[in-house]
Amino acid sequence: MLDFIQMVVSGVAVGSTYALMGLAMVIIYKTSEVPNFAQGEMALASSFLAMMLLTTLKMSVVPSFLLAIGFAVLLGCFLEFAILRRAKNTNVLGMIVITIGIEMMILGIVSWKFGAEQKTMPFPIGPYDSYMIRDIFIGKLEALILSSALVLMSVLFLFFRYSKLGLAMKATQQNSIAARIVGVRTNRILMMTWGISSAVGAVAGLLISPVMMHPYMMWDPMLKGFAAAVMGGMTSLPGAVIAAYLLGIIENLFGGYISIEFKSVVAFVIIVMILCFKPSGLFSRHYIKKV
Amino acid sequence: MKKSLTVLFVSLALLFGFMPTLMAEEGVTDTEIHIGQWGPQTGPAAAWGAVARGTGDYFKWINDNGGINGRKIVYHMFDDGYNPAKTKAGVKELQEGTGIFAWVAGVGTSPGLAVKDYLMEKKVPWIGPSAGSMHWVSPPEKYLFAIYPLYFYEAKTLVKYAVETLKKKKIAIAYLNDEYGKNGLDGAVEALKAHGLELVAKVPVEAAEEDLKPHVMELKKAEADTVLLWTTVSHSVRIVGTSKAMGFAPQFMGSSTTSDFMFMNYISKGLYEGVICPTFGPVSTSDHPLIVKYKKEIFDKYASKEERWGQFYSAGITYAEPLIEGIKRAGKDLTREKFVTQMEGIKGFQSLGPEINFKPYDKNDIYSRQGTQSSFLIQALPNGETKTLTDWIKME
């Protein structure tokens, strides 16, 4: 029983990272209708910038992280403005290929600038410091990611529900032509969406960086975040979050009770099964056509 | 007339095309010798990428000190990302496009296995694979000279030390789920059998896996008092760290691939203290005369400013030294067969690594092509320093 509880707790802990990446992908998909495969690398660039500020300029954690998130916003805006928007008459597949190209470009730049070897980021919380409750442990860093994810989700929920910008984003997603007619500057909205999404992804990247950094560190969270987004429904923010936690728990239970070798495969089997049986996702209300 | 001219031109073109091959050994000209290596410059094994760069800087030093018998080394290194498919593609491209005389080092058991048969069929020498796999010498191949002590025996040596010296009884292993990891697993199983014991847990780890909590849970459930780590540097750090978080504190023992304690200490933020590993050369922080010399003459002069002087970089020199020795001995009239004969004559050769001894090829004797059998055990101290636990151990 204790093992089961530990696996669920570990699954929830790791699910927070997937939830943040899934959220970031859904935010973009809701307005641009493109799965952004550069999501992980956008977070990667911001994380390495923070590491550089901490180690080379000896800045402290809070200003470094805030600057890195600011950089992430600018990076997201820039990529939408300078690259995605310039793509004329492309279909979804074309846009996906563009995001893959951006991903490879950023990965190459980060590898070239910082090297491919593993690195560490100075952080007040040790990567493996943990809380032990009875015999159940949760890492302090994981607890921080979990609480950050919950706070961010609440902020995003309120933002999209009650703020003018959030409403404008929803309007752009639902019908961009109608939104433009009523005075919404849809191009600007798209740019800001990418900025916000990049910032959400950067939070995930920054909080897993104290464990270990290397250019491929965001691949696994990005893919699992994508799996969570598909599972939850690519247009459902709460769906992506719930699915991410479910995914983390399923992965850990599968690894603990069935096969540790195929633990990581579970996420991709889930993508395939969801696409076969409920392509709109578990929590999506419509878009049955959009597969 | 037109037809005769066409036949003449085609014949001349074929003649010029084949002439270099007819006139000299592949990969050798009057002034150059082409040597190739693959290495993970990116990807999950990137920490081991320093091996190929160490070799490259060593060759630059050789060239600047007159080359070998009037020839310079032209070094071809490519990034295979520890992906066997990329290794095969890169080796084929260089071998068939440029023409490589011999291959040196090359990190990874699985990447190496992807090209071993190809190189052996083409009779291209391969010296010092940067992996201690049994596959290189079981059965031995005429053109493959192995230097890295075998992982199988490293695992046996560690288990023997754990059981006989540390009096441990419950030994488990976390191993990368590829040929490298399985070599360690097999060695551990055989050594434990000799002591009437079995592994209490064997936990496979996938190369792309980042969350190792389930793996550590399994090790903890088995109540292992010793855990062998036959994984990459980042997996080893994650297992050691996650174990600490879970309040699980066995004696960790890693393969030589994680024996760069300065680096392991840095990426583990000090958690690697106490881990025991075998190694087969002076540690990079020691005052061994060759370490001091190579650091000054090679690293300080040729390495890029982002490079780190460590175990993996110096290993790139260790694997290349016997290759250079063999080429020197073969003389000006360099052919692969002459080179192989000279390599077989290498006895008692000791430079940075352990003593190397080869013999004339015998398909029933692995030591005709496994040049080293010895390692010694070291333990990580605080701040990445090293404590030597044993003298050279002949591993068998």
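**Figure 1. Lys359(B) and Asp365(B) form a salt bridge.** In this predicted model, their closest N and O atoms are 2.7 Å apart. A salt bridge here is a side-chain nitrogen of Lys or Arg within 4 Å of a carboxyl oxygen of Asp or Glu. Lys359(B) is partly exposed, at 35% relative accessibility. Asp365(B) is buried, at 18%. Buried means under 20% relative accessible area, exposed over 50%, and partly exposed in between (1.4 Å probe, protein chains only). Side chains of opposite charge can pair when their charged atoms come close.

Residues are numbered from 1 along each chain as its sequence is written, and chains are lettered from A in the order in which they are written. Local features need pLDDT of at least 70, side-chain atom pairs count only at pLDDT 80 or more, and totals for chains, interfaces and linings use all residues, while side-chain values use heavy atoms, without hydrogens and water.

**Figure 2. A salt bridge joins Glu26(B) to Arg336(B).** The closest N and O atoms lie 3.0 Å apart. The pair links distant parts of the chain, 310 residues apart. Glu26(B) sits in the loop between α1 (2–23) and β1 (32–39) of chain B. Arg336(B) belongs to helix α12 (residues 336–344) of chain B. Helices (H or I, at least four residues) and strands (E, at least two) are DSSP runs, numbered from the N terminus. Glu26(B) is partly exposed, with a relative accessible area of 28%. Arg336(B) is buried, at 6%.

**Figure 3. Lys305(B) and Glu306(B) meet in a salt bridge.** The N to O distance is 3.4 Å. Both Lys305(B) and Glu306(B) are exposed.

**Figure 4. Salt bridges link residues of chains A and B in a network.** Glu142(A) and Lys263(A) take part. So do Glu209(B), Asp211(B) and Lys213(B). Over all chains, the structure holds 24 salt bridges.

**Figure 5. A nonpolar surface patch lies on chain A.** The patch covers about 650 Å². Its residues are Met1(A), Leu2(A), Phe4(A), Ile5(A), Tyr257(A) and Ile258(A). Patches are made of residues with over 30% relative accessible area and no salt bridge; like charges are joined within 9 Å, nonpolar side chains (Val, Leu, Ile, Met, Phe, Trp, Tyr) within 5 Å. Accessible areas come from the Shrake-Rupley method with a 1.4 Å probe; for residues, only the protein chains shown count as cover. Helix α1 (residues 2–32) of chain A gives the most to the patch, with three residues. Met1(A) lies in the segment before α1 of chain A. Met1(A) is exposed, with a relative accessible area of 73%.
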